[in-house]
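Subject: Structure handover

Hello,

Here is the structure I promised to pass on. Please open it alongside this note and follow the residues as you read.

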Amino acid sequence: MFADFKRRVEENVSLKNFAHALEQHWLSGCVVVLAVLSRVFLLKVIPNTDVPEGYGPWYDEIIQHGRVRAWGREISDYSPPYLYLLSLCSLLPFHKFVNIKLIPLAFDLWAAWLASRLVKRFHHEGPLPILAGTFFLLG
């Protein structure tokens, strides 16, 4: 049983499989970069009031009262897991606006990946899984 598992692992790690995976997934990487860049561009072009009026004060409250202490305070009308993620993002060395926007970006990327995996269950070959993730991410 172990020998069979070892043989399958060795087959999957071969250079040929790596080259094939790289060939298939370079497009996915380009789509992710395009999605991130488009969001950065749109944040500069379209005025955004949710950070200064909504999430920004929550973020400031977390910084002012301490990341863990702020969890027990009534500082927002969102569920506690969002505040935990906001506290975690406040540790990053980026601007407040970027740290706040990283949370939805991460979940958008995850949801696009899930969409592509779902489509891949029914369409094993071809570009449909990547297109599903792309349309979800850029839509």
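Start with Tyr55 and Trp58. Both sit in helix α3, which covers residues 50-65. They are three residues apart, about one turn of the helix. An α-helix has 3.6 residues a turn, so residues three or four places apart point the same way. Bear in mind that this is a predicted model.

The cut-off for buried is under 20%.

Next, look at Trp58 and Tyr82. Their rings form an edge-to-face pair, with centres 6.4 Å apart and 75° between the planes. Trp58 belongs to helix α3 and Tyr82 to helix α4 (residues 80-89), so this pair ties together parts that are 24 residues apart in sequence. Tyr82 is buried too, with a relative accessible area of 13%.

How many aromatic pairs does the structure hold? There are seven. Tyr55 and Trp58 make one of them, also edge-to-face: 5.4 Å centre to centre, 85° between the planes. Ring pairs link Tyr55, Trp58, Tyr78 and Tyr82 into a cluster.

Now helix α3 itself. It has 16 residues. From its first C-alpha to its last it reaches 22 Å, close to the 22 Å expected at 1.5 Å a residue. Where does α3 kink? The kink lies at Gly56, shortly before the proline Pro57, and is about 50°. Gly56 is buried, with a relative accessible area of 2%. Gly56 and Ile100 are 44 residues apart in sequence, yet their C-alpha atoms are 7.9 Å apart in space. The buried residues of α3 are Val51, Tyr55, Gly56, Trp58, Tyr59, Glu61 and Ile62.

On to charges. Side chains of opposite charge can pair when their charged atoms come close. The count here is one salt bridge. Which residues form it? Asp60 pairs with Lys96, and the closest N and O atoms are 3.2 Å apart. Asp60 lies in helix α3 and Lys96 in helix α5, so the pair ties together parts that are 36 residues apart in sequence. Asp60 is partly exposed, with a relative accessible area of 36%. Lys96 is partly exposed as well, at 26% relative accessibility.

Then the surface. Phe107, Trp110, Trp113 and Leu114 form a nonpolar patch there. Together they have about 450 Å² of accessible area. Trp110 is placed in helix α5, residues 96-122.

Last, the overall picture. The chain has six helices and zero strands. Along the sequence the pattern reads α-α-α-α-α-α. The chain has 139 residues, and 23% of them count as buried.

Best wishes

Conventions: Residues numbered from 1 in each chain as written. Predicted model: local features only at pLDDT ≥ 70, side-chain atom pairs only at ≥ 80, totals over all residues. Heavy atoms only, no water. Patch = residues over 30% accessible without salt bridge, like charges linked within 9 Å, V, L, I, M, F, W, Y side chains within 5 Å. Areas by Shrake-Rupley, 256 points an atom, 1.4 Å probe, with all protein chains shown as cover. Salt bridge = Lys/Arg side-chain N within 4 Å of Asp/Glu carboxyl O. Helix = DSSP H or I, 4+ residues; strand = E, 2+ residues; numbered from the N terminus. Phe/Tyr/Trp six-rings, centres within 6.5 Å; stacked < 30°, edge-to-face > 60°. Buried < 20%, exposed > 50% of the residue type's maximum accessible area, 1.4 Å probe, protein only. Expected span 1.5 Å × (residues − 1). Bend = angle between axes of the 7 residues up to and from the residue.
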